[in-house]
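Let's learn to read a protein structure together, one feature at a time. Keep the sequence and the picture side by side as we talk.

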Amino acid sequence: MVSAVGAIVPTVHVLFLCLYILQELYGMFFMRPHLKVRRLWLRRSTSLTVWTLMGHTVFFGSCVLADLIEGVLGKKAAGLRKVQDYVLASVLFPMSMIVTVVFWGMYAVDRELIFPAALDKIIPPWVNHVWHTTVVPVLLLEMYLVHHRHPSRQAGLTGAVTVGIVYLIWVLIVAQVGGFWVYPFMAAMSNFQFFLFCCFVAVIGCSFYLLGEFCNKIFWGSMETSRKGKKRA
């Protein structure tokens, strides 16, 4: 069973990497030319969705690289795997959960605040789902197929909070210097409402980190047991 799973893991990594490269190329050639937005690059740099997609692309690119190092060259990629473990647990999973839950939650309430209907003519449904839906299932599948060792809770939450603070600072800088908010609903908020929203996202982000930790235990048993008895697929 383990050997069978190990055999398909590199293929899964290549497929996921191709998916993210495909959506980026599609956006570059078929969507962005139709988006009449000033300083689009700056707006993209403040989008949590873009940060998440970039993270996924780099992560699965590193997985493909590690698979090649271990499968073709026959060498260990322990250092790269360790970085992958930390990034997946502390950054990618909480960030992806926030993107999916907040996006679809606000979409259900009032889509104009997060994804105006006018964008449907430019962004096809499959791209929207790659951006805001599949980012969580692909990580859950990765966590199920490959034993990623979670860092200590303190180290993991520190990484998650640090990335969140860096992102918030960048959003505020762009809002002040660039004169626009990355998401329309932010412009409609008072300072106090924005503060409460940030606190809410911080709380659910930390909760999503713990959820990832829980999923890892479900897939691979307790962390102590998995560190001692299980090997990476």
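Q: Is Trp51 buried, partly exposed or exposed?

A: Start with the terms: buried means under 20% relative accessible area, exposed means over 50%, and partly exposed is in between, with a 1.4 Å probe and protein chains only. Trp51 has a relative accessible area of 23%, so Trp51 is partly exposed.

Q: What should I know about the model before going on?

A: This is a predicted model, in which local features need pLDDT of at least 70 and side-chain atom pairs count only at pLDDT 80 or more, while totals for chains, interfaces and linings use all residues. Residues are numbered from 1 along each chain as its sequence is written, and side-chain values use heavy atoms, with hydrogens and water left out.

Q: How is a pair of aromatic rings described?

A: A pair of aromatic rings is described by the distance of the centres and the angle of the planes. Here rings of Phe, Tyr and Trp (its six-membered ring) pair if their centres lie within 6.5 Å; planes under 30 degrees apart count as stacked, over 60 as edge-to-face and the rest as tilted. By this rule the count is 14 aromatic pairs. Take Trp51 and Tyr167: their ring centres are 5.0 Å apart and their planes are at 80°, so this pair is edge-to-face.

Q: Which helices hold Trp51 and Tyr167?

A: Helices here are DSSP runs (H or I, at least four residues), numbered from the N terminus. Trp51 lies in helix H3 and Tyr167 in helix H7, so the pair ties together parts that are 116 residues apart in sequence. Tyr167 counts as buried, at 11% relative accessibility.

Q: What kind of pair do Phe103 and Tyr107 form?

A: Phe103 and Tyr107 form a tilted pair, with 5.7 Å from centre to centre and 35° between the planes. These two residues are 4 apart in helix H4, which puts about one helical turn between them. Phe103 is buried at 5% relative accessibility, whereas Tyr107 is partly exposed at 26%.

Q: Which rings are linked into a cluster?

A: Ring pairs join Phe16, Tyr20, Phe59 and Phe60 into a cluster.

Q: Which residue lies over the face of Phe180?

A: A charge sits over a ring if NZ of Lys or CZ of Arg is within 6 Å of the ring centre and within 35 degrees of the ring normal. In this model Arg43 lies over the face of Phe180, at 3.9 Å from the ring centre.

Q: How many residues does the largest nonpolar core have?

A: In soluble globular proteins, nonpolar side chains tend to be buried together. A nonpolar core is a set of buried Ala, Val, Leu, Ile, Met, Phe, Trp, Tyr and Cys residues joined through side-chain atoms within 4.5 Å. The largest one in this model has 49 residues, and Phe60, Tyr183 and Met186 have the most contacts inside it. Among the elements giving two or more residues to this core are helix H1 (2-31), helix H3 (48-71) and helix H9 (191-220). H4 gives the most, with 11 residues.

Q: Which residues is Met186 in contact with, leaving aside its neighbours within four places in sequence?

A: Contact means heavy atoms within 4.5 Å. With those neighbours left aside, Met186 is in contact with Val171, Trp181, Phe194 and Phe197.

Q: What span do we expect for H4?

A: The expected span of a helix is 1.5 Å times one less than its number of residues. H4 has 33 residues and reaches 46 Å from its first C-alpha to its last, close to the expected 48 Å.

Q: Where does H4 bend?

A: The bend at a residue is the angle between axes fitted to the seven residues ending there and the seven starting there. H4 bends by about 45° at Leu88. Leu88 is buried, with a relative accessible area of 3%. Not counting residues up to four places away in sequence, Leu88 touches Phe59, Phe93, Pro94, Leu139, Glu142, Met143 and His148.

Q: What follows H9?

A: Gly221 follows H9, and its phi is positive, near 80°. Within H9, the buried residues include Phe194, Phe197 and Trp220.
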